[in-house]
Amino acid sequence: MADGFNILWVQSGGCGGCTMSLLCAEAPDLAATLSSAGIRMLWHPTLSEETGAEALAVFDRILTGAVRLDALCVEGAMLRGPNNTGRFHILAGTGVPTIEWVRRLAACAEHVVAVGTCAAYGGVTAAGVNPTDACGLQYDGRHEGGALGAAFRSRSGLPVINVAGCPTHPNWITETLMLLAAGLLRAEDLDTYRRPRFYADHLVHHGCPRNEFYEYKASAVKLSDLGCMMEHLGCVGTQAHADCNTRLWNGEGSCTRGGYACINCTAPEFEEPGHAFLETPKLAGIPIGLPTDMPKAWFVALSSLAKAATPERLRRNAVSDHVVTPPAVRDPRGR
């Protein structure tokens, strides 16, 4: 096979949503993006023509060293059950658990990329009583370990790269692969949970169109209201590590722009916050989950001042599904 940056994509316990998201890559589209970076998809279970024996032949050529594997991309959680046999998920036609195939292929890969929060930490697949004993590639929830073990390092010396999100933004995937192909992603470019820092060093709060409401603590009280959703509707965008509101989805959207609270889907164990997603837990009327790096005393003081200073325009618009009171128009020369 031709030179380039070769990737193999394996899907395990998940919904396939990250692949669906990836197909929405635009300006340029997915094929053009990968081609321009010299990235070649050796095989993808949804996008490739090869199936059955043809697909297994690709696996065999990688395992024998006939084909170089630059990046193994895994989508979906690893299913360890029942009783740590992995036999809840057998790779069709092989009799071998998918988790075992992933371990074999990971040992040959220059890099290993967990695509989505399920592959990274277990995600929704691991929620509840977790009957399949689902976990991430190198994390089991917030704890290191997972299917490959805490000590795993790929041939590059890097741990598993966790492109977390439920689903991931298509550009988080393509940019990660492009950085790897260019040799520009190092250990220091990953955050505490080994997410690429180019998106994880941001907060969903950054660029949120509801920030003016947040500043004055003018809060929404029901879905469809325009106000800030932190106080009553469970939004944790001030704590969630992602650039969703500055790197928009499909060029124009995000959860908060669509009227839905951020549920911190790039974080391990986001799927089980201990309360309904659209509920803000409080203690003495104060949200338990405060903005990142915000001391509680400061938050209480600033909130009290902000609420007292809330313009009537924001107070009214916050609990409406459309702008009731527009900003005043003033002659800038009359300041």
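At 29% relative accessibility, Glu-100 counts as partly exposed, a class that lies between buried (under 20% relative accessible area) and exposed (over 50%), judged with a 1.4 Å probe and protein chains only. The model described here is predicted, so local features need pLDDT of at least 70 and side-chain atom pairs count only at pLDDT 80 or more, while totals for chains, interfaces and linings use all residues. Residues are numbered from 1 along each chain as its sequence is written, and side-chain values use heavy atoms, with hydrogens and water left out.

Helices (H or I, at least four residues) and strands (E, at least two) are DSSP runs, numbered from the N terminus. Arg-104, at 34% relative accessibility, is partly exposed. In general, side chains of opposite charge can pair when their charged atoms come close.

The structure holds 16 salt bridges. One of them joins Arg-142 to Glu-269, the closest N and O atoms being 3.7 Å apart. Arg-142 sits in the loop between strand 7 (139-140) and strand 8 (143-144), and Glu-269 in the loop between helix 8 and strand 10 (282-283), so this pair ties together parts that are 127 residues apart in sequence. Arg-142 is partly exposed at 40% relative accessible area, and Glu-269 is partly exposed at 33%. Asp-243 and Arg-247 also meet in a salt bridge, at 2.9 Å from N to O. Asp-243 is buried, with a relative accessible area of 4%, and Arg-247 is buried at 15%. Salt bridges with shared partners also join Arg-80, Asp-133 and Asp-140 into one network.

Asp-133 is found in the loop between helix 5 (117-121) and strand 6 (134-135), and it is partly exposed, with a relative accessible area of 28%. Ala-27 likewise has a positive phi, near 55°. This alanine lies in the loop between helix 1 and helix 2 (30-36) and is exposed, with a relative accessible area of 78%. Most residues other than glycine have a negative phi, and most peptide bonds are trans.

Cis peptide bonds are found at two prolines discussed here. Gly-81 and Pro-82 are joined by a cis bond with omega of about -5°, and Pro-82 belongs to the loop between strand 4 (78-79) and helix 4 (98-106). The bond from Cys-166 to Pro-167 is cis too, with omega near 0°; Pro-167 lies in the loop between strand 9 (161-163) and helix 6.

Helix 6 (residues 170-181) holds Thr-174, which is buried at 4% relative accessibility. Apart from neighbours within four places in sequence, Thr-174 is in contact (heavy atoms within 4.5 Å) with Leu-22, Leu-30 and Thr-33. His-205, in the loop between helix 7 (197-200) and helix 8, is buried as well, with a relative accessible area of 19%. Not counting residues up to four places away in sequence, His-205 touches Asn-211, Tyr-214, Gly-237 and Thr-238.

The buried residues of helix 9 are Phe-299, Ser-303 and Ala-306.

Definitions and conventions:
Salt bridge = Lys/Arg side-chain N within 4 Å of Asp/Glu carboxyl O.
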